[in-house]
Amino acid sequence: IIESFQCSQCGICCKNIHLIEQLNDFHNGDGICKYLDSTTNLCLIYESRPDICNVEKSYKAFSDIYSKDEYYRLNYEGCQMLWEIEKKKVKKDL
């Protein structure tokens, strides 16, 4: 049983918010959250970030569909998919 979502704070999700319609107001057309500190990869509004940016809070909307373990697993898989996309971008740019 997974007790909480273990975020590595890599910022990959914050660099791809263009994929989430509810966060359209949080980027300036580049898909990167305007509240992401590019030096530290940390959220500048962490304590007041939208619930959709908080895996623990956003689970409430899916609790009747997924167990918490399943929901966390799906979120981890989402992280991995974003990393795979990022790796392909880097290779393409080389």
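Okay, hi everyone. One thing to keep in mind as you look: this is a predicted model.

Let's start inside. Which residues make up the largest nonpolar core? There are five of them: Phe5, Val55, Tyr59, Tyr71 and Tyr72.

Take Phe5 to begin with. If you skip its neighbours within four places in sequence, Phe5 touches Val55, Glu56, Tyr72, Asn75, Tyr76 and Cys79. So what about the rings? Searching the whole structure turns up six aromatic pairs. One of them is Phe5 with Tyr72, a tilted pair with 6.0 Å from centre to centre and 50° between the planes. Now find those two on the sequence. Phe5 is in the segment before helix H1, while Tyr72 is in helix H2, residues 68-93, so this pair ties together parts that are 67 residues apart in sequence. And are they buried or exposed? Phe5 and Tyr72 are both buried.

Next pair: Tyr59 and Tyr71. Their ring centres are 5.3 Å apart and the planes sit at 50°, so this one is tilted. Tyr59 comes from the loop between H1 and H2 and Tyr71 from helix H2, so here the parts being tied together are 12 residues apart in sequence. These two are buried as well. Tyr59 and Tyr71 also belong to a cluster, linked by ring pairs, that includes Phe62 and Tyr66.

One more ring before we move on. Over at Tyr46, the charged end of Arg49 sits over the ring, 3.8 Å from its centre.

Side chains of opposite charge can pair when their charged atoms come close. How many salt bridges do we get here? The count is three.

Two of them involve Arg73. It meets Glu70 at 2.4 Å, N to O, and Glu77 at 2.1 Å, again N to O. Glu70 is three residues from Arg73 in helix H2, about one turn, and Glu77 is four residues from Arg73 in that helix, also about one turn. Glu70 has 27% relative accessibility, so it counts as partly exposed. Arg73, at 35%, is partly exposed too, and so is Glu77, at 37%.

Then there's Glu84 with Lys87, at 3.2 Å, N to O. They're three residues apart in helix H2, so about one helical turn separates them. Lys87 is partly exposed, with a relative accessible area of 46%. Going back to Arg73, shared partners join Glu70, Arg73 and Glu77 into one salt-bridge network.

That's my tour, thanks!

Note on methods:
Residues numbered from 1 in each chain as written. Predicted model: local features only at pLDDT ≥ 70, side-chain atom pairs only at ≥ 80, totals over all residues. Heavy atoms only, no water. Core = buried A, V, L, I, M, F, W, Y, C linked by side-chain atoms within 4.5 Å. Buried < 20%, exposed > 50% of the residue type's maximum accessible area, 1.4 Å probe, protein only. Contact = heavy atoms within 4.5 Å. Phe/Tyr/Trp six-rings, centres within 6.5 Å; stacked < 30°, edge-to-face > 60°. Helix = DSSP H or I, 4+ residues; strand = E, 2+ residues; numbered from the N terminus. Lys NZ or Arg CZ within 6 Å of the ring centre and 35° of its normal. Salt bridge = Lys/Arg side-chain N within 4 Å of Asp/Glu carboxyl O.
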